[in-house]
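Dear colleague,

Here is the structure you will be working with. My notes on what was found in it follow below.

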Amino acid sequence: MSGIVVVYELEQPAAARTPAAGPPDAGRLPRRVHAAPAAPGWPDAAGPRTLCGKDTFAMATERRTPSGSPEEPWYPGEYASVVCPDCDAVMEI
């Protein structure tokens, strides 16, 4: 499936879990998994809004893109419990 990027709405950082070094999102778990259209000309970058209308500015982008295969979900399986129901409904269409 081209044109869709998986993005993560991350938990707020907790002072005790924030690492001293490393990427800013290290140690933060996804609170919700969303789907967003790819930015024009940038197939690996999310556009400004998710399919449910949330701003993607502060969201982390998944490194893989959905395969488009009907047998596979558009989101990573380990985060199935936190998939946005609105994004999922749009992806089912």
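**Notes on the structure**

Glu 9 is buried, at a relative accessible area of 12%. Please keep in mind that the model is predicted. The side chain of Glu 9 meets that of Arg 31 in a salt bridge, with 2.2 Å from N to O. Glu 9 belongs to strand S1 (residues 4-10) and Arg 31 to strand S2 (residues 30-39), so the pair ties together parts that are 22 residues apart in sequence. A search of the whole structure gives 1 salt bridge.

**Overall layout**

The chain has 93 residues, and 30% of them are buried. It contains 1 helix and 4 strands, which run β-β-β-β-α from the N terminus on. The 4 strands make an open sheet with antiparallel pairing, in the order S3-S2-S1-S4. Strand S3 (42-46) and strand S4 (60-61) are the edge strands, each pairing on one side only. S4 is joined to S1 in the antiparallel sense over 2 bridges; in one of the positions concerned, Val 7 has Thr 61 of S4 as its bridge partner.

Of the contacts between residues at least 6 apart in sequence, 57% join residues at least 24 apart.

In soluble globular proteins, nonpolar side chains tend to be buried together. Here, the largest nonpolar core has 14 residues, of which Tyr 8, Val 33, Ala 35 and Trp 74 touch the most other members. S1, S2 and helix H1 (85-92) are the elements that give two or more residues to this core. The biggest share comes from S1, with 4 residues.

Which residues does Tyr 8 touch, leaving aside those up to four places away in sequence? They are Pro 30, Arg 32, Val 33, Met 59, Ala 60, Glu 62, Pro 76 and Tyr 79.

**Cysteines**

The structure holds 0 disulfides. Cys 52 is in no disulfide, and the nearest cysteine sulfur to its own, that of Cys 84, is 3.7 Å away. A disulfide would need the two sulfur atoms within 2.5 Å. Cys 52 counts as partly exposed, at 26% relative accessibility.

Cys 87 counts as buried, with a relative accessibility of 0%.

**A loop residue**

Thr 56 sits in the loop between S3 and S4. Is Thr 56 buried or exposed? Thr 56 is buried, because its relative accessible area is 10% and the cut-off for buried is under 20%. Not counting residues up to four places away in sequence, Thr 56 touches Val 7, Ala 36, Ala 46, Gly 47, Pro 48, Arg 49 and Thr 50. One of these, Val 7, is the residue named above as the bridge partner of Thr 61 in S4.

**In brief**

The points to take along are the salt bridge between Arg 31 and Glu 9, the open antiparallel sheet of 4 strands, the nonpolar core of 14 residues and the count of 0 disulfides.

Regards

Technical notes
Residues numbered from 1 in each chain as written. Predicted model: local features only at pLDDT ≥ 70, side-chain atom pairs only at ≥ 80, totals over all residues. Heavy atoms only, no water. Salt bridge = Lys/Arg side-chain N within 4 Å of Asp/Glu carboxyl O. Buried < 20%, exposed > 50% of the residue type's maximum accessible area, 1.4 Å probe, protein only. Pairing = 2+ DSSP bridges. Contact = heavy atoms within 4.5 Å. Core = buried A, V, L, I, M, F, W, Y, C linked by side-chain atoms within 4.5 Å.
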